Amino acid sequence: MTDTNRELTLTRTCDAPRQLVWDAYTVPEQLAKWWGPSIMHTPLETITVDLRPGGAFNLTMVSNLDGTQYPSKMVIREVVPIERLAYGWDTQATGIAGGEVTVILAEQDGKTHLVQHFVGEISHEMFPLMEQGTNEQLDKLAALVEG
């Protein structure tokens with residue numbers, strides 16, 4: 001591993017059925033309600049989800065503080081409906097990070113156990129910000145599906 005290679009695994013247990021959590025990740029109208037850290041939002045009109053391997057997964061997060069836009073152009077790598085979703089992007093697309101995210105959903109007793117794993121390149125300085133932002137984003141997801 002080079003100095004910029006990182007891994008991050010975050011988990012949540014959501015008091016919601018797995019289908020609801022899956023839809024939150026794959027339906028643009030649902031993604032727009034939670035995607036991004038607490039100080040950002042993602043307008044529906046910026047979201048594209050072509051739910052197949054090789055399909056586009058694009059969106060733009062917008063800062064609630066100053067309106068700065070953060071576009072992400074990603075590619076769906078793997079789709080196993082209501083169980084597993086993987087998507088990725090390269091560093092050239094963002095200039096700050098690149099890698100792959102795998103989301104695994106398992107249902108137990110009506111709740112959904114979510115594991116989100118990132119592996120890729122991100123600078124030492126940006127990694128704590130990504131970790132904080134992703135945790136905030138998953139908190140927003142849990143609030144949505146549990147509400």
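**Reading the model**

Reader: Where do I start with charge?
Author: Count the side chains. Lys and Arg are taken as positive, Asp and Glu as negative, while His and the chain ends are not counted. Each charge is placed at NZ of Lys, CZ of Arg, CG of Asp or CD of Glu. The chain has 10 positive and 20 negative side chains. The centres of the two sets are 3 Å apart.

Reader: What kind of model is this?
Author: A predicted one, where local features need pLDDT of at least 70, side-chain atom pairs need pLDDT 80 or more, and totals for chains, interfaces and linings use all residues. Numbering starts from 1 along each chain as its sequence is written, and side-chain values use heavy atoms, leaving out hydrogens and water.

Reader: How many helices and strands does the chain have?
Author: Helices (H or I, at least four residues) and strands (E, at least two) are DSSP runs, numbered from the N terminus. Here there are four helices and eight strands. Their order from the N terminus is β-α-α-β-β-β-β-β-α-β-β-α. The radius of gyration is 15 Å, close to the 15 Å of the globule rule for 147 residues, so the chain is as compact as a globular protein of that length. That radius is taken over C-alpha atoms; the rule is 2.2 Å times the number of residues to the power 0.38.

Reader: What share of the residues is buried?
Author: Buried means under 20% relative accessible area, exposed over 50%, and partly exposed in between (1.4 Å probe, protein chains only). Buried residues are 40% of the 147.

Reader: How many aromatic pairs are there?
Author: Rings of Phe, Tyr and Trp (its six-membered ring) pair when their centres lie within 6.5 Å; planes under 30 degrees apart are stacked, over 60 edge-to-face, the rest tilted. The whole structure has seven such pairs. Y87 and W89 have ring centres 6.4 Å apart and planes at 20 degrees, so they are stacked. W89 and F118 make a tilted pair, with 6.2 Å between centres and 35 degrees between planes. W89 is in strand 6 (residues 84–89) and F118 in strand 8 (residues 111–122), so this pair ties together parts 29 residues apart in sequence. Both W89 and F118 are buried.

Reader: Is R6 buried or exposed?
Author: R6 sits in strand 1 (residues 5–14). Its relative accessibility is 14%, so R6 counts as buried. Contact means heavy atoms within 4.5 Å. Leaving aside residues up to four places away in sequence, R6 touches several residues, including F118, H124 and F127.
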